[in-house]
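I opened this entry to look up how the chains meet and how one of them is built. My notes follow in the order I checked things.

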Number of protein chains: 2
Amino acid sequence: MAKDKKLVESITSRDVDFAQWYTDVVKKAELTGYTSVKGCMVFKPAGYAIWENIQKELDRRFKETGVQNVYLPMLIPESLLDKEKDHVEGFAPEVAWVTQGGLTPLTERMCIRPTSETLFCDLYAKDIQSYRDLPKVYNQWCSVLRWEKTTRPFLRSREFLWQEGHTAHATAEEAEERTQQMLNVYADFAEEVLAIPVLRGRKTDKEKFAGAEATYTIEALMHDGQALQAGTSHNFGDGFARAYGIQYTDKDNTLKYVHQTSWGMTTRMIGAIIMVHGDDDGLVLPPRIAPVQCVVVPIRQNAEGVLDKANEVAAALKAAGILVKVDDSDRSPGWKFADQEMRGFPMRIEIGPKDIENGQCVMVRRDTREKTVIALDDAAKAAGALLETIQKDMFERAKAFRDAHTYEASDYESFKNTVEEKPGFVKAYWCGERACEDQIKDDTRATSRCMPLGAEAEAPEGAVCVCCGKPAKKLVYWGRAY
Amino acid sequence: MAKDKKLVESITSRDVDFAQWYTDVVKKAELTGYTSVKGCMVFKPAGYAIWENIQKELDRRFKETGVQNVYLPMLIPESLLDKEKDHVEGFAPEVAWVTQGGLTPLTERMCIRPTSETLFCDLYAKDIQSYRDLPKVYNQWCSVLRWEKTTRPFLRSREFLWQEGHTAHATAEEAEERTQQMLNVYADFAEEVLAIPVLRGRKTDKEKFAGAEATYTIEALMHDGQALQAGTSHNFGDGFARAYGIQYTDKDNTLKYVHQTSWGMTTRMIGAIIMVHGDDDGLVLPPRIAPVQCVVVPIRQNAEGVLDKANEVAAALKAAGILVKVDDSDRSPGWKFADQEMRGFPMRIEIGPKDIENGQCVMVRRDTREKTVIALDDAAKAAGALLETIQKDMFERAKAFRDAHTYEASDYESFKNTVEEKPGFVKAYWCGERACEDQIKDDTRATSRCMPLGAEAEAPEGAVCVCCGKPAKKLVYWGRAY
């Protein structure tokens, strides 16, 4: 077994070098690959299959709220990008420019979409005339490109996959409602499916999206104590509508500007899954997102009847709706165990001649390594229940970790010490001034992750800014972030 | 009713001006839209929903044959594109070039992928070392860009959506088998799901893909008698492997080149559905691809109990797995009928106070307008059966049309007359020389669509080329094409 295990090359320990551990897992679990296109990654089958499951589940949730999918061009003419001032300032420095089409130089250069607000505005300006045309609740699944200088698989790459929802509404209230509704869709998805607990909050003006009136965010905590922005939902008010001339005739026969939102979630979430749940043996996938939920490993598979029984058990699991795979390759059982663990499939079933004699099999959880002996007749039912338990436990464990790594600081010294010595979220009051945010970032590399929603966000009487000591306005979650 | 009908603007008759009819249908059925990005289209919800159904069904069929999905970068460095001579000559004139990333000019320009053979080769060269790494059967769903001068929605646009499969095999036999297997997946999908009969054949050297040893194709006939290439599958032999250095160590410990294939189907298929099945009232969707299969239209919907009963019928259909929608908008029944017909939803159910009194409803087929009175208790079962019948009849009708528009010609005069006067396929023998293909195209605008597979392709003793009169080698299906 010790020798077998080596066949699956070992990875760096998570607590020794988190960044290297991440790189190792991504590579050894065969999630990504490289081509000669610098800064862009390849999603290999194991990585793309996770994204397909994210898409399927998120898309279903979107459609339940009335979202319709569309597809818009990947190119944006420069003049179109230029129309909304904040937006162009935010994105122009990081887009890729197409200057030649076929053999002819273009009269106007076009960028590859870094995001598609401008194109949706262009479409809405043409398609929206009357209140009858509202609301528009469109979404697209596509890739976008931002010319990043330093890149890391899933977390930051020049091209990434995402969905971007873009909506137009008759009233400001309806737009705000949609903005928060989608934030909640993201939060529920992250917690229920990915088993990743998230803070729901609002970004400060410094951190909000280029062109937005308000940006809402869900923030997750990775195992190394760094935060990761996991999904954002923006309320644009009528800013884009004014810049792009999107008006409708209301029931009272007056011309009004629409109110818009946009919201997105990306392949970054795969990075979050790795960094929240992974361990020193590799990836650990929550059952609801795993492309394979259970691997059946036959022990002494050449012994009579073993492979047949393994296939029989797998068939029973499959019939119960479990995504199951029999590993009948010519590798040793030890190699297969290590392989299943590296790839993060949530559980395995071991079954050999002795088990068959005793009418049983062994179930092993990926997350805790716990083994249970189960009667063969109960295998499907027990596996289904075990997957549910794993899903629930993974969320609870991640939540306990997050809570244990959320601190409070009331003065600047303890704030700086906490950020430096105790990686995690730090809750601290803030005066609302950009200068203090900048100061905190300069001093600690921590940024404001979000202000909580509702009453919790308001600073109580007498609370002071952790940075400048002046009267505080808001409670902020701070942290170093990916 | 006549007045209501006008509310859904009428479209040009299919037999008066086919091109205008097509444009009208695409617009009035709200399949596509425009932005200021020239040559690129917007897939609106009604159009994109058809593509989603194509994806779902095709992807399921792919995976049954062992295909794994991946995602590769959208940009290709010029030096990578340049490696395979025929390929670069075929594509370089029609790609878009990125010359600047962020604020910096690129040292090497990159094109937006017109297709991804070069990138897959780059990946395979890195990932394939041993016979154990084979086969690779990868596919990606993405958009590609080709700088077309004249464009038409779905049929030809600068950016379009597609899937591209790219495989690598140990032997030439295995590659050829995969090439034909995927051709058959396409053909079965087109016939069984889209109700579009297709010819399966092989392209002449002139018409084959840039860099391929052999290109197989499925060819469909549109209602105006023009052909449409509906899917292609290419066998590259080891040409790309030699250009990109993709070698593996075989079991006998020698180094060998892999054999590769690629195959693709695009959003063009939506154009094919329109042009094969549509009629003067709009789109006609085959039930198996329709986003909505049945529209329930309440008659006098404000009368007591009507809307309740309509919803009840819809619920019964939904429970039976039918995609159903109740049109309870404030439009008249006539407007709703015309709207359902324009959008091509395969059937509708009309239900009013008198029907309810009699415990019945009226089912109307979109394809034939045939009406049937059905007992309310039987509605779900009858609707399911009717959808099956519609699917089958649509295929049979399209096949009868195709067969009735397939001609033979043994001399050049009758060949030219047939192409000119009887739009459709013309079967004629060919000597195998490029010069005759060019001549035929110059004289008639017809191109060789395909050579049939198997024995049918071989010209019998004594057969002569329809163009030059010299001894013939192959039977070819000719036609003008989209």
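Strand β5 (residues 96-101) of chain A is joined to β5(B) by five bridges. The two strands run antiparallel. I looked up one pair: A:Ala96 has B:Gly101 in β5(B) as its bridge partner. This is a predicted model, so I read everything here as computed.

Next I took the whole interface. I found 41 residues of chain B in contact with 41 residues of chain A. On the chain B side, elements giving two or more residues include α3 (45-64), α6 (117-127) and β8 (159-169) of chain B. The largest share is from β5(B), with six residues. By class, I noted 24 nonpolar, 10 polar and seven charged residues on that side.

Then I turned to chain A by itself. I listed 15 helices and 23 strands. Its C-alpha atoms fill a box of roughly 80 × 60 × 45 Å along the principal axes. Buried residues make up 51% of chain A. Of the contacts between residues at least 6 apart in sequence, 68% join residues at least 24 apart.

Last, the domains. The assignment for chain A gives domain 1 (18-277), domain 2 (294-394) and domain 3 (406-479). How far apart are the centres of domain 1 and domain 2 of chain A? I noted 39 Å, over C-alpha atoms. Five residues of domain 1 are in contact with five of domain 2 in chain A. The domain 1 side of that contact has three nonpolar, one polar and one charged residues.

Technical notes: Residues are numbered from 1 along each chain as its sequence is written. Chains are lettered from A and ligands numbered from 1 in the order in which they are written. This is a predicted model: local features need pLDDT of at least 70, side-chain atom pairs count only at pLDDT 80 or more; totals for chains, interfaces and linings use all residues. Domain bounds come from an automatic or database domain assignment. Two residues are in contact if their C-beta atoms, placed from the backbone, lie within 7 Å. Ala, Val, Leu, Ile, Met, Phe, Trp, Tyr, Cys and Pro count as nonpolar, Asp, Glu, Lys and Arg as charged, and the others, Gly among them, as polar. Helices (H or I, at least four residues) and strands (E, at least two) are DSSP runs, numbered from the N terminus. A residue is buried if 20 or more other C-beta atoms lie within 10 Å of its own, exposed if 12 or fewer, and partly exposed in between; C-beta atoms are placed from the backbone. Two strands pair if DSSP finds at least two bridges between them.
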